[in-house]
Amino acid sequence: CDALPLHRQEKMFRRIGVEISRGSMARWIITVGSRLSPLLEEMDLRIRCGPLIQMDETKIQVHHEPGREDHKQSFMWVARGGPPEKPLVRYMYHPTRGGAVARSYLTGYEGYLQTDGYEAYTQIGEWEGIVHVGCLAHARRKFDDATKVAGGSPAAREFLSVMQKIYRVEKELRLKDLSAAEFEKLRKKRAVPLFEQLEKKLVKKAAQVPPSTALGRAVAYTREVLPRIKRYLDRCFLTPDNNAAERAIRPFVIGRRNWLFSDTPKGAHASAAFYSLIESAKSASLEPYWYIRYVLKRLPEVEESGNWESLLPENLTAENLHSSSF
């Protein structure tokens with residue numbers, strides 16, 4: 001939760017006269033992470049029962065992966081979904097970024113899938129029962145990159161201005177006390193003309209700008225994904241971008257700068273387990289420390305009863321966690 005590698009914790013304990021090796025701590029995390037597998041499976045069921053799944057992935061270096069060299073990049077995948085008011089966040093370690101990972105996780109799912117423009121997601125978006133929603137933030141970043149080339153790009157700034165207005169509509173309407181139907185109606189009324197303006201600019205600029213330039217690449221990418229991006233207008237719980245999934249994966253990225261790699265695949269899976277619990281607790285407005293403490297206390301009882309659903313963050317409150325003390 002605080003991006004503190006085990007070797008630093010080992011030194012901190014030693015300074016106060018407590019000898020706990022990083023190896024011991026790693027074994028504890030791996031052992032408990034393995035016992036939490038049924039809870040993670042329960043989270044997967046809840047995520048796939050929700051109306052929206054947002055997905056993203058980031059690199060991780062894992063040592064001692066069978067059949068792979070230590071310097072090879074592996075990936076931590078993240079799926080965010082389930083109850084819209086208290087979404088769950090599921091981290092999953094896999095050695096590759098292959099589309100089979102996402103296909104396996106989403107098999108049987110019906111609903112909205114929001115992602116960046118990675119081709120594996122685009123293919124899944126063609127499945128019956130899945131509506132693939134794009135990410136305006138990714139398109140915006142490409143135009144932002146175009147403004148940073150030598151001399152800048154006034155045209156890129158024009159595109160950014162229109163996108164900013166689209167986001168402003170979203171922000172202003174979210175602050176109003178509107179029903180879902182009222183929100184969707186007003187959002188379409190105000191945002192659709194802006195998207196029409198954006199499309200006209202894209203068509204015009206595509207005929208003027210070489211596709212090899214930063215601006216040309218931004219225009220080509222946005223023209224391709226814009227039909228998917230506009231799908232967020234259909235439902236109140238959808239947003240213009242996939243930033244919620246990116247925010248959920250950011251703590252892992254910050255931690256990776258400190259601990260650099262996982263020493264074994266088992267360690268990577270255990271990290272995925274605890275990051276899932278920590279970020280899901282945050283989404284449910286629970287303090288991760290008290291939530292994990294509660295889960296560990298109840299673990300033997302739930303292993304016997306099989307009532308893993310009782311440990312989902314959506315079924316708990318801060319009062320539940322604090323009333324159950326050791």
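Helix α2 gives the most to the lining of the largest pocket, with eight residues. This is a predicted model, in which local features need pLDDT of at least 70, side-chain atom pairs count only at pLDDT 80 or more, and totals for chains, interfaces and linings use all residues. Residues are numbered from 1 along each chain as its sequence is written, and side-chain values use heavy atoms, leaving out hydrogens and water. Helices (H or I, at least four residues) and strands (E, at least two) are DSSP runs, numbered from the N terminus.

A pocket is an open set of points on a 1 Å grid over the protein atoms alone where a 1.4 Å probe fits, with protein on both sides within 12 Å along at least five of seven lines; lining residues have an atom within 4 Å of a point. The largest pocket is lined by 38 residues. L4, L6, Q9, I29 and S271 lie nearest its centre.

Now the second largest pocket. Of its 21 lining residues, R80, F237, T239, A244 and R247 are the closest to its centre. Helix α7 gives the largest share of this lining, four residues.

A244 sits in helix α10 (residues 243-259). Beyond its neighbours within four places in sequence, A244 is in contact (heavy atoms within 4.5 Å) with Q54 and R80. A244 and D263 are 19 residues apart in sequence, yet 29 Å apart in space, C-alpha to C-alpha.
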